[in-house]
Amino acid sequence: MAPLLPRAEIAALGWPAGNTEASRSRLASALARDGLRLESYAEDGARARIVLANPGFRAAPQALGRAARAMANSLPAGIERFEITLTAQGMPTTQAAFRRADLHQLEHAWDGSWQSFARAQITDAPARLAPDPGVYPALDWSLLPYVRTALFDPDSPLRADVGLAASASYRLAPGLSVETLIRQKAFGTLDQSSRISNSIQPHVRSDAPLYDKLSGPQLVQLSADYLVRPGGDLYGRVSAGYFEQMFAGVSGEILWYPQGSRLALGAELNHLVQRDPAARLGLGDYRVTSGHASAYYDFGDSYRGQLDLGRYLAGDWGGTLTLAREFDNGFRVAAFFTLTGISFDDFGEGSFDKGISLTIPLDWLTGEPSRRGFAQTIRPIQRDGGARVAIAHRLYEEVRGTNAQTLSDQWGKFWR
């Protein structure tokens, strides 16, 4: 993390205002050293505007603080106002504006954290600057170990697979990307389950052991996503492809989430086809239209609630209530339960779907900035009632971290 250079030193360097290519180059290099990506740059008199991608820092205020200091150290002395647009998958979400003089005044102030938040101007960003040449298209990829578990099988209470997961994201344009996830098991026991589903509902989850018997690399996900801003306070998503191990299809979602609001409301509609467990890319005969209306609420002190009401994969109607807490170190714990029109007897073992999920942030393990993590859900054997398709970029989780309400909660990391 680079400290602010004295303004006299910046002025002595004699960088001319209006030379946007030189300013862009210096700023892009400074941001890259912090793991940030400059997508757009523009100067307008005493104002500089950028679009920032933050692939590394879990707390958006930390990325904002690094970016603001990089702008102060890289741009001509005559530029007095910095405007930073944050993004989610290239879609603009929030703009934060800072005065250069405030940064220098507050860097070492004992109350610099809350004062910097009070002086910042945080607004909605329904539009963004056009991307700079060469930013799109771009490819990101990773290769990480994975662990998958199946718990509470009466024949074997714990089964698990361990292997490598290769993921890639090809960013075609702001908000538009194609992603894939391929897993290769190294060793494990998930394929040894001999239980045959006795569910009287469509087998949307209870046949999961059949999908683990396919040998060789498994294509878990191959989907295209387009995230877009339909208007102020509104976010939209359209997705298509292979969403998860068991389902493919098309999906659409819209989210209303004003800046600084504790409440967000969303709606999602999916048309899905079940994948054939015996074929890598083949599809089966089962089709279903599912969807939910959702309400999200931030209770403060890192507690959040979510209520989803709608139609699930087996065609059952009902709701899911989730209560989650995310700690300052990035650990997240959530508990949920789902009740639908399927009776407890017809549901089968467990009576209804419920569980506890735990997310461990990768940066806690490595000490390096990262927004990735390892997630594990502990639940009874999953039956077919109350099942929902897994989709990679549901909007609330994509944009929550850059909303003004979350920024205010995490602003203590602005100067870190």
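Me: Is Gln115 buried or exposed?
Reply: At 19% relative accessibility, Gln115 counts as buried, because buried means under 20% relative accessible area, exposed over 50% and partly exposed in between, with a 1.4 Å probe and protein chains only. Bear in mind that this is a predicted model: local features need pLDDT of at least 70, side-chain atom pairs count only at pLDDT 80 or more, and totals for chains, interfaces and linings use all residues. Residues are numbered from 1 along each chain as its sequence is written, and side-chain values use heavy atoms, leaving out hydrogens and water.

Me: Which helix is Gln115 in?
Reply: Gln115 lies in helix H5, residues 112–119. Helices (H or I, at least four residues) and strands (E, at least two) are DSSP runs numbered from the N terminus.

Me: What does the Gln115 side chain make polar contacts with?
Reply: Its partners include the side chain of Asp111 (2.8 Å) and the side chain of Arg119 (2.8 Å). A polar contact is a pair of N or O atoms within 3.5 Å; within protein, one must be able to donate a hydrogen and the other to accept it, and residues adjacent in sequence count only if both atoms are side-chain atoms.

Me: New topic: how many residues are in the largest nonpolar core?
Reply: It has 35 residues, and Leu27 and Ile84 have the most contacts inside it. Such a core is a set of buried Ala, Val, Leu, Ile, Met, Phe, Trp, Tyr and Cys residues joined through side-chain atoms within 4.5 Å.

Me: And which element gives the most to this core?
Reply: That's H3, with eight residues.

Me: How buried is H3 itself, then?
Reply: 15 of the 15 residues of H3 are buried, so H3 is largely enclosed by the rest of the structure.

Me: Which residues does Ile84 touch?
Reply: Leaving aside neighbours within four places in sequence, Ile84 is in contact (heavy atoms within 4.5 Å) with several residues, including Leu64, Ala67, Ala68 and Met71.

Me: What is the volume of the largest cavity?
Reply: About 120 Å³, where a volume is the space filled by probe spheres set on the points, with grid points joined across faces, edges and corners.

Me: Which element gives the most to the lining of the largest cavity?
Reply: Strand E9 (residues 218–231), with three residues.

Note on methods
1 Å grid on protein atoms, 1.4 Å probe; cavity = no way out; pocket = protein on both sides within 12 Å on 5 of 7 lines; lining within 4 Å.
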